[in-house]
Amino acid sequence: MSTDTTATTTDTPRSRIAARVGMTPEQLEAFGNEMDAIRQRIIADLGEEDATYIRNVVKAQRRFEVAGRALFYLPPAWPLAVAALSISKILDNMEIGHNVMHGQYDWMGDPGLSSRMFDWDTVCPGEQWKYSHNYIHHTFTNIVGKDRDVGYGILRMDPDQKWHPYYLGNPVYALLLMLFFEWGVALHDLEVENIVAGRRTLADNKPLYPGLVRKIRRQTVKDYVLFPALTGPLFPLTLAGNATANLIRNVWAFNIIFCGHFPAGVASFSVQETEDESRGQWYLRQLLGSANITGGRLFHLMSGNLSHQIEHHLFPDLPARRYPQVAAEVREVCERYGLQYNTGPLHRQLLSVAKKICRFALPGGDAAPEPPAPRVTEEPLAA
Amino acid sequence: MTALTAEPIRRLLRSRLVDALAAPHGVDRYLEQFNPMWAAHDVRARIVDIRRETAPAADSAPVATLTLQPTSNWRGHRAGQHVLVGVDVPGVAKRFTRAFSISSAASSPGEQITLTIRAHHEGQVSAYLVERAGVGEILHLSQARGDFTLNESPATPTNNHLLFITGGSGITPAMSMLRTLLRDGYVRGPRGGVLRGSEAEEQKSSVGCYDGNAGRKVTFLHYARSPEDQIFADELAAIAESDNGVTVHLRHGDRLFSEFELRRLVPDFADVDTWLCGPAGLVELVTAAYADSPRLRMEFFKPAVARAAGDDGDVEGTVTFARSDTAGPASAATLLEQAEALGLRPEFGCRMGICFSCAVTKTSGRTRNVLTGEESALPDEEIRICVTQPVGDCQIDL
């Protein structure tokens, strides 16, 4: 494999994001090249181990799911059934669904693990999620006004989002989003906040409805009608069990995901400073805009390796099991360039996120510790 | 395995109820966890036999016939059709999918089929199947596809003359047709009448594989590189010897197809239903001889690969966007940019290789990933056109 990475580095002479962290343009380019090198080394090494790993995770998920569905026939095993089904849904959505739909396993050529074919066990149609997540969120990460994952159009999570009395409800909205997370993810693509702000019309959403309605119908019929009905007199118990499993998955996914971009110290960016961005600055922005969670192997698996949000944002199309492997290297590079590498245990990151949710319910907020250049906020998100 | 061949179970597994319960993954994603030969929709096959067709020789690629037992949902095939075969090549952990003609006679649902494959040097799949695959291995199949079948021209009687012209491994679909004709052709009854249906079946099973007669005049003209390279040599010799209506003409070595020779064998060839399958050179000569005759049906071999371009920046060749029926000279720009320059509006997202919104299938040709510099000439490969540039001729399914 040759190493020409020409496509990337037409650096603008001055990157304002690099200037924020005291990096010269040369350093920024060198940093970008180091990241490219890590990526290429892993890509060249992809093979049997990665395939076996994801197939084993899928095998485990399918077994937990079958076990969960079956255990509902034994009323005393109800808690076990709920646990198995919750694990199944968490694995399906996070380590399998999220990562497969990123195209991390497309190189295997297995339709069952292809980003174009896969859909996950949630009410959100994978097809629509891939657009808002893979494209909008991963390309424009933490650019206020462009990345709709900054507060998801519901919350105020950044000082550059203009305050409005609506945001007094921030903690309540966050709690509701946590409990109904899969629904939030499903409706995210309708961009309701942009419709309220007049930047999008209801007509723009029309093409999305059929897919959304179909997916919602399939998921709800399966979990709340068919499987309960198949257990006959145990219908209410099974229904409650399925709802509980969905709820557990919602709460878990919400918490992991909110620790990815919202803990204190994570940077956000303006549209202006990301114009004509170089590959080096793109990498830098991904690094500064993400945060990790420390934990053991099981924790990383159950979080879909989104506990390595930094590595995921640097290399979104590498198989997630590789993130722990490259984390040490990424961290070492960061130390050398004096860059922040935001990580911490779950409880600390969660607390930090909770504080932020409450703080930004009120006007103002701590301006991030930079900016030497004036930050321009375009199109504040008003609700 | 046997459990799933029972019709009521198969019907249940394909029902809307099971589909709803297994959503969104589909019932096959669960069944495969227990037994790879359990499938409601996907077709798979177990290799039950592998047999060498040609003697190993230094200058020619080996050929093998694989006998496959498909899953019970195999719908059967018409003679001349092909099937997509997906192989999980060990080591690289990638599934490669290629099309192969079926060489056995027309099959009924669930019946065994054979593929006769030449191990091409550049063909990972063919080389793997011929040289490395073992009995018991599971392959992924499609249902049978293709219209290169024994469909005769309407206004002709069903016992008219048939002509097959093949070259190299292009013999396989024609062999399937020939075997089918010999198996299902008119069976002469005891009183000289024609037997059909179950009577014919009985008669055939007593005779063995063939009833021995195609029931019509069949001319089989085949070009092979050498006698050692001749696939199905023994079987063709046996067919040529017996009194069955089939004449076999084998041409070995440098003897190219000539219209003159064909006219000598079949004077009215342009008015005879003809099936042509072989390498590009043969196809060119034969199509020229037939001019625009509607009697000629053909199946192309995909041209292996376009040549790689010399140096960076200097790209020669043509980029064809097949579905849009648009083509233009290849340039060093990405395929996405080239498509847009030609006025196409392909789907895209990040334009930097992250989001896979622009992933499409490259059907043939060599391309380079601009992020990694990696070049690939694999046919039917998924590429992200925003980070892929052509290196010579290529065909994109867009």
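**Backbone in the loops**

Analyst: B:Pro24 sits in chain B, in the loop that runs between helix H2 (16-21) and helix H3 (28-31). The model is predicted.

Take A:Asn142, in the loop between helix H5 (126-139) and helix H6 (170-179) of chain A. Its phi is positive, near 60°, and the residue is not glycine. Is A:Asn142 buried or exposed? A:Asn142 has 24 C-beta neighbours inside 10 Å, so it counts as buried. The cut-off for that class is 20 or more.

Next comes A:Glu191. This residue lies in the chain A loop between helix H7 (181-188) and helix H8 (192-196). A:Glu191 is another residue other than glycine with a positive phi, here near 50°. Its surroundings hold 19 C-beta neighbours inside 10 Å, so A:Glu191 counts as partly exposed. Burial would need 20 or more, and exposure 12 or fewer.

A:Arg69 belongs to helix H3 of chain A, residues 48-71. A:Arg69 is buried because 20 other C-beta atoms lie within 10 Å, and the cut-off is 20 or more. What separation do the C-alpha atoms of A:Arg69 and A:Leu230 show? They are 10.0 Å apart, while 161 residues separate the pair along the chain.

Technical notes
Residues numbered from 1 in each chain as written. Chains lettered and ligands numbered in written order. Predicted model: local features only at pLDDT ≥ 70, side-chain atom pairs only at ≥ 80, totals over all residues. Helix = DSSP H or I, 4+ residues; strand = E, 2+ residues; numbered from the N terminus.
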